[in-house]
Amino acid sequence: MTEMKYKTPLLDELEKGPWPSFVKEMKKEAHKPMVQDAIGQLERSYEEHISHWKHGGLVGVMGYGGGVIGRYSDLPEEFPEVAAFHTHRVNQPSAWFYTSDALRTLCDIWERHGSGLTNMHGSTGDIVFLGSTTEEIEPLFADLTKHGFDLGGSGSNMRTPSCCVGPARCEWACYDTLDACYNITQEFQDELHRPFFPYKYKFKFAGCPNDCVASIARSDCSVMGTWRDEIQVNQAAVLEYAKTVDIEEEICDLCPTRCVEWDGKTLEIDNANCVKCMHCINVMPKALKPGKDRGATILIGGKAPIIGGALLCSVFVPFLEMDPESDYEDLKELTEAIWDLWGEHGKMRERTGEFIQRVGLSNFLEEIGLDPVPEMVMAPRSNPYIFFDDEIFETDE
Amino acid sequence: MAEERITDIGPPNYEQFLPPIIKKNYGKWDYHEILKPGVMVHVAESGDKIFTVRAGSPRLLAVTTIRNFADIADKYCDGHLRFTSRNNVEFLLSDESKIEPLIAEIEEYGFPIGGMGNCISNIVHTQGWVHCHSAASDASGVVKSVMDELMPHFQNMDLPAKLRVAYACCLNMCGAVHCSDIAILGVHTRAPVIEHDDLPKMCEIPTLVASCPTGAIRPATVDGVNSVEIVEEQCMYCGNCYTVCPAVKINNAKTDGISIWVGGKVSNSRVAPKFSKLAIPFIPNNPPRWPEVVEAVMNIINVYAENAKKHERMGEWIDRIGWPKFFELTGIEFTKYHIDDFKHAGETYTRTAQLRH
């Protein structure tokens, strides 16, 4: 093992214990001087209880505004090898599938140009390369694109879309999340690389309402798979489950609309009242499956707290067909309408969800040309402070 | 002549990375079954089977480790693997007989198998002091310390339901911590300190003023320099101004720390997705192992595991028993900080006499 440049008694504590250690990971690349200094600076943070990284200074590749995040040490004289130690986001393949060769290619590229430290993956979904000098940014980018990879998003642009495992390995996928994610990413390359939005805009593609990519909480546009016909039931398999599952207690009683009945022999579902929560399907995957008339619910405006408080996405389109043959034209049209309006009227660092709250959902819908439907609200308003238009006086012929 | 510069190619097409058995059965999976912790099988309509072995990772991975994963995938999985949204690694096999030797080799290499079913999966987390400017605490170190204790719940399916733990090192929340069963969140607790000499050189004042969610930042002339002042009573320490302007220092070694939130979820199963709510407002940073944070998390998990019914997520359990009971059972003190005073605060006040006495 490489000799360590700094004594790190605090970090060394974190090499102990059963869970894999990030300190061990860092030390594996300690043959690089920049990693030695990153470890030394981190130990200093552990001693002093404070971060020693600075951000800022525009760094990036020619022609792009996103994908590289400038990172500098605030102790450059003590840790000169990490005076500049930039983050690179590399757009991951849909659903994070790799071949061993593809991973080795990425490792070789990153070893040539940076620290050899990564995140697999970052919170938005990108492959994250942690730490390069400013000089290596452009050569790294050339090496990546030569091997078929491109940078992801950062700043006020469309962020790198991500998706769940979908139809590749899940029987619940109600549309092709991998294809939709890839298609949208390719369609909006300009919006991904060149920030000219008020703030970030995230897409996440979840194949069913279990939402394994947390789309409703973590994206501006959640494309969540659903169905509108009947849950497929294999009664023989239900009987098999009945040997180990208390169907009355674990299924019927926990159904949010109490639309499932069990008489000890047959499972009856009142599909008109099913809200597609997935609970019964999750508990009995061999017996129940989503229906066959599948598509997605489009929900808009989710985000973490910064700036105006956290928001979950809210329903915009209750059901949208997601046929790959359609090239997702409806989703793209809706997206462009939202971007046009928010792009023109959104304040700096105002996410779509906050913008919608500021201008009002009904005004927003009117501007993007979407009709209000009751699925969009939990309940109609309870206050009488209504702003009426003249059209209220118009009568139907 | 110089090579032509390649741009805007997007990610590689995923199809080239899919195992042949997935290509063959794409969209035609019939059902799946968890065979044991960390191992599941998906069975296709054709009868084909694909086995998944899931291993936890610290997210921060050296290329040395990734190359080793690639070697393992070559040896057992014809070179096929994937990563999950919670930073686990999944090895994909079609030969059932290779599962046990594969598990043995992954464990030998120091990576645990698990994270499936009613258990604690990997903690999604942020950069912390490893690589972030606005971190109120480290991320990887807290996660490592907590996961060292939670390992049995990662490797077994012994909880009432899934339990999702997430960590973010500041309010920016680069992880989805705001909708987790347990969210560990780094917090700043004091208004930033302004470096007036540097500010005009580094920052645009109108942008800085606009960055404040509560309007606490105002333009001001300080010692003849165009700068800003902060109305401290209005500041809730989000650090948004620091991200816009590095001369407004939010980090503070003495007053930064960690808060703990509970009862959020993202899935739609049974009850709608919901935010995590405040359980513990502040625990001081105590590296390298943050024992007070680990203890607080373990306490909440133990109380939940003892009291929740089967299939009940943390938030569903608390909704059933009521928040007063949650604070009673966990022994966590309820303070003035637990009562919301931001926008829409009134939505969380109890406006009924339906109480348990």
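A disulfide is a pair of cysteine sulfur atoms within 2.5 Å, and by that rule the structure, which is a predicted model, holds one disulfide over all chains.

**First stop: the cysteines of chain B**

Select Cys203(B) and Cys245(B), which are joined by this disulfide with a sulfur-to-sulfur distance of 2.0 Å. If you look along the S-S bond, the torsion is 75° and the link of Cys203(B) and Cys245(B) is right-handed. Cys203(B) lies in the loop between α5 (199–202) and α6 (205–210) of chain B, while Cys245(B) lies in the loop between α7 (240–244) and β12 (248–249) of chain B, so the pair ties together parts that are 42 residues apart in sequence. Both Cys203(B) and Cys245(B) are buried.

Select Cys77(B) next, which takes part in no disulfide, since the nearest cysteine sulfur, that of Cys107(A), is 17 Å away. Cys77(B) is buried as well, with a relative accessible area of 3%. Then move to Cys170(B), whose sulfur is 5.7 Å from the closest cysteine sulfur, in Cys169(B), and that is too far for a bond. Cys170(B) also counts as buried, at 5% relative accessibility.

**Second stop: strand β6 of chain B**

Now select residues 89–93 of chain B, which make up strand β6; five of the five residues are buried, so this strand is largely enclosed by the rest of the structure. In a regular strand the side chains alternate between the two faces of the sheet. Here both faces are covered, with Val89(B), Phe91(B) and Leu93(B) buried on one side and Glu90(B) and Leu92(B) buried on the other.

Strand β3 (residues 49–55) of chain B pairs with β6(B) in the antiparallel sense over five bridges, and in β6(B) the residue opposite Arg54(B) is Glu90(B). Strand β5 (residues 80–83) of chain B is likewise antiparallel to β6(B), with three bridges, and here Arg82(B) has Glu90(B) as its bridge partner. Follow the chain from β5(B) to β6(B) and you trace a hairpin with five residues between the strands, where Asn87(B) in the turn has a positive phi of about 65°.

The buried residues of α9(B) are Met314(B), Gly315(B), Glu316(B), Trp317(B), Ile318(B) and Ile321(B). To see what covers them, display elements of chain B including β8 (182–187), β13 (257–262), α8 (291–307) and α10 (323–330).

Strand β15 (residues 294–300) of chain A runs antiparallel to β16(A) and is joined to it by four bridges, with Ala296(A) standing opposite Leu320(A).

Finish on the surface by selecting Ile386(A), Phe388(A), Ile392(A) and Phe393(A), which form a nonpolar patch with about 470 Å² of accessible area together.

Key: Residues numbered from 1 in each chain as written. Chains lettered and ligands numbered in written order. Predicted model: local features only at pLDDT ≥ 70, side-chain atom pairs only at ≥ 80, totals over all residues. Heavy atoms only, no water. Buried < 20%, exposed > 50% of the residue type's maximum accessible area, 1.4 Å probe, protein only. Helix = DSSP H or I, 4+ residues; strand = E, 2+ residues; numbered from the N terminus. Pairing = 2+ DSSP bridges. Contact = heavy atoms within 4.5 Å. Patch = residues over 30% accessible without salt bridge, like charges linked within 9 Å, V, L, I, M, F, W, Y side chains within 5 Å. Areas by Shrake-Rupley, 256 points an atom, 1.4 Å probe, with all protein chains shown as cover. Salt bridge = Lys/Arg side-chain N within 4 Å of Asp/Glu carboxyl O.
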